Amino acid sequence: MSQPNDLHHDSLLDEAVDCLNRYTPFAAQRRVTFTREGNRLAAHITRTDGTPIPDSADPLDQKLAHLPGQKVVIRPFFLPMAKSPWQDKAANEFTTVDFDYAAILGYGLNPDGQAFLKGLYFLPTDALLDGQTPGEDGVWRIRPATYYVHQLSLDPRKKFARFLYLVERITEAMEYQYDKCGFFFSVSPR
């Protein structure tokens, strides 16, 4: 029998924000901070020199200026990494691609039966959708366990972090998305 998802999703989202913000100090020209916004996450990009991104002459910043408030919308997906009492299928399905990044939250269960963040896979929407198509009913059904190459370290200061400068990874992906589509998925012309 499945239990309500709200509490385990809420705690995992909060843990993901804490984990992602551990990458904030690793900044060069731009910095990224993360917040939770309802059932989504957001990456807020700023310049380290204090110049507002829309006022910058940098070509990448001119593209990022098309993101309202320079906010990258991140959609969470849930991946049980142990036997789970919850059903995450509905939370991992979507009909509208209205997000720029995906965060796959791999979770385990502690002895008290509470979920904890065990793995974090962070990838741009382009990578998530590559080779995927929605079903005949228009619903996208991804398999979260297939994106292991996008795994982040839960603590970049204690374990080698392949993507230590996460802000660079995010801005490169956003530039690619803008160059490829002419817009960002989170603000696409529908």
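## Close-ups of a predicted model

**View 1. Gln177 and its neighbours.** Here Gln177 touches Asp100, Asp126, Gly182, Phe183, Phe184 and Phe185, leaving aside residues up to four places away in sequence. The model shown in this and the other views is a predicted one. Gln177 sits in helix H4, which covers residues 166–181. Its relative accessibility is 0%, so Gln177 counts as buried.

**View 2. Helix H4 from end to end.** H4 is 16 residues long and spans 22 Å from its first C-alpha to its last, close to the 22 Å expected at 1.5 Å a residue. Which residues of H4 are buried? They are Leu166, Val167, Arg169, Ile170, Thr171, Ala173, Met174, Gln177 and Tyr178. An α-helix has 3.6 residues a turn, so residues three or four places apart point the same way.

View 3. Six strands line up in the order S1-S2-S3-S5-S6-S8, giving an open sheet with mixed pairing. At the edges are S1 (30–37) and S8 (151–152), each pairing on one side only. H4 packs on this sheet and touches S1, S2, S3, S5, S6 and S8, while its direction makes about 85° with that of S1. S1 pairs with S2 (residues 40–47) in the antiparallel sense, over 8 bridges. Look for Glu37, which stands opposite Arg40 in S2.

**View 4. Strand S5 and its two partners.** S5 (101–109) is mostly covered, with 8 of its 9 residues buried. S3 and S5 run parallel and are joined by 7 bridges; in this pairing, Ile74 stands opposite Tyr101 in S5. With S6, S5 pairs in the antiparallel sense over 9 bridges, and Gly106 stands opposite Gly119 in S6. S5 and S6 make a hairpin with 5 residues between them, and Gly113 in the turn has a positive phi of about 85°.

**View 5. The largest nonpolar core, and a second one.** In soluble globular proteins, nonpolar side chains tend to be buried together. The largest core here has 37 residues, and Phe34, Leu105, Phe122 and Ile170 are the ones that touch the most other members. Helix H1 (6–21), S1, S2, helix H2 (59–64), S3, S5, S6 and H4 each put in at least two residues. What does Ile170 touch, residues up to four places away in sequence aside? Its contacts are Val32, Phe34, Ala43, Ile45, Val72, Tyr101 and Phe122. There is also a second, separate core of 16 residues, with Phe77, Leu79, Leu123 and Phe185 among them.

**View 6. Aromatic rings, starting with Phe26 and Tyr165.** The structure holds 10 aromatic pairs. Why is the pair of Phe26 and Tyr165 called edge-to-face? The ring centres are 6.2 Å apart and the planes lie at 75°, and planes over 60 degrees apart count as edge-to-face. This pair links distant parts of the chain: Phe26 belongs to the loop between H1 and S1, Tyr165 to the loop between S8 and H4, and they are 139 residues apart. Phe26 counts as buried at 14% relative accessibility, whereas Tyr165 is partly exposed, with a relative accessible area of 43%. Elsewhere, ring pairs link Phe77, Phe94, Phe99 and Trp140 into a cluster.

Definitions and conventions:
Residues numbered from 1 in each chain as written. Predicted model: local features only at pLDDT ≥ 70, side-chain atom pairs only at ≥ 80, totals over all residues. Heavy atoms only, no water. Helix = DSSP H or I, 4+ residues; strand = E, 2+ residues; numbered from the N terminus. Buried < 20%, exposed > 50% of the residue type's maximum accessible area, 1.4 Å probe, protein only. Contact = heavy atoms within 4.5 Å. Pairing = 2+ DSSP bridges. Axes fitted to C-alpha atoms, helices over the stretch in contact; angles between N-to-C directions. Core = buried A, V, L, I, M, F, W, Y, C linked by side-chain atoms within 4.5 Å. Expected span 1.5 Å × (residues − 1). Phe/Tyr/Trp six-rings, centres within 6.5 Å; stacked < 30°, edge-to-face > 60°.
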